[in-house]
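The entries follow the order in which I looked things up.

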Amino acid sequence: MKKLRNHVDELFKDVPESEQKQAIKQEVLENLEEKVLDLMELGKEEEDAINKAIVDFGDIEDLKNELGIKKPVKKNMSKINLGFSIWGSILIIALFVFINFAYSPGTIWFVYPTFGVLWWPLSMYFHWQRSK
C-alpha cells in the first residue's frame, strides 16, 4: 500500500499544506485502499489491483479546485520573441557587415549569412501571427 500513499502524495504535492488537505488526502487514500481490497477479493493480484485502483481513480482536478488551487496562466510570449529575434538579427547582421568590411573589404560575403539569419525573425513572425 506504500505505492498508493506515494501516488496520493504525488497528486497533492502542489496543494499548500492545511488541515483540509490532510483530511482529503486521508479520505482519498482510504478509498483507494478499499478499492484495492475489493479488487483483491475478486481475485486480482495486489500489484494489478493497485494499478487498476489508481487508473480508475483518475484525476483530482475537481478536488484541487475545491481546495482553491488555480492552474498557472501561460503568458503569450510570441510578440516578445519576435522583437527579440529582430534585434538579435540586426546585431548579428551588423557583426557580419563589420567583419566583412574590416577584414575583407574587396569581397562582399556578408549577404550570404544574412539570408540564414533572417529565417529567425521570419519564423518568429509566423509564430506570432498563428498565436493571435
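**Entry 1: Leu 32.** I began with Leu 32, which is buried, with a relative accessible area of 3%. I took buried to mean under 20% relative accessible area, exposed over 50% and partly exposed in between, with a 1.4 Å probe and protein chains only. Leu 32 has its place in helix 2. I counted helices as DSSP runs of H or I of at least four residues, numbered from the N terminus.

I then noted the basis of the work: this is a predicted model, in which local features need pLDDT of at least 70 and side-chain atom pairs count only at pLDDT 80 or more, while totals for chains, interfaces and linings use all residues. Residues are numbered from 1 along each chain as its sequence is written, and side-chain values use heavy atoms, with hydrogens and water left out.

Which residues does Leu 32 contact, leaving aside its neighbours within four places in sequence? I found Leu 4, Val 8, Ala 53, Ile 54 and Phe 57, where contact means heavy atoms within 4.5 Å. I also looked up Gln 129, 97 residues apart from Leu 32 along the chain; their C-alpha atoms are separated by 47 Å.

**Entry 2: the core.** I next looked up the largest nonpolar core, which has 16 residues. Such a core is a set of buried Ala, Val, Leu, Ile, Met, Phe, Trp, Tyr and Cys residues joined through side-chain atoms within 4.5 Å. Among those with the most contacts inside this core are Leu 4, Val 8, Leu 32 and Ile 50. Helix 1 (2-11), helix 2 and helix 3 each supply at least two of its residues, and helix 2 gives the most, with six. With neighbours within four places set aside, I found Val 8 in contact with Lys 25, Val 28, Leu 29 and Leu 32.

**Entry 3: helix 2 with helix 3.** Helix 2 (residues 19-41) and helix 3 (residues 46-57) pack at about 130 degrees, with their axes 8 Å apart. The axes are lines fitted to C-alpha atoms over the stretch in contact, and angles run from 0 to 180 degrees between N-to-C directions. The two helices are therefore oblique to each other; under 35 degrees counts as roughly parallel, over 145 as roughly antiparallel, 65 to 115 as roughly perpendicular and the rest as oblique. I recorded ten nonpolar, no polar and four charged residues in this contact. For these classes, Ala, Val, Leu, Ile, Met, Phe, Trp, Tyr, Cys and Pro count as nonpolar, Asp, Glu, Lys and Arg as charged, and the others, Gly among them, as polar.

**Entry 4: helix 1 with helix 2.** The axes of helix 1 and helix 2 come within 10 Å and cross at roughly 140 degrees. Helix 1 brings Leu 4, Arg 5, Val 8 and Asp 9 to the contact, and the residues of helix 2 include Leu 29, Leu 32 and Glu 33. I recorded six nonpolar, no polar and four charged residues here.

**Entry 5: helix 5 with helix 7.** Helix 5 (residues 78-103) and helix 7 (residues 119-131) pack at about 170 degrees, with axes 9 Å apart. They are therefore roughly antiparallel to each other. Among the residues that meet are Phe 84 and Ile 92 in helix 5 and Trp 120 and Trp 128 in helix 7. This contact divides into nine nonpolar, seven polar and one charged.

**Entry 6: Val 15.** Lastly I looked up Val 15, in the loop between helix 1 and helix 2. Val 15 is buried, with a relative accessible area of 5%.
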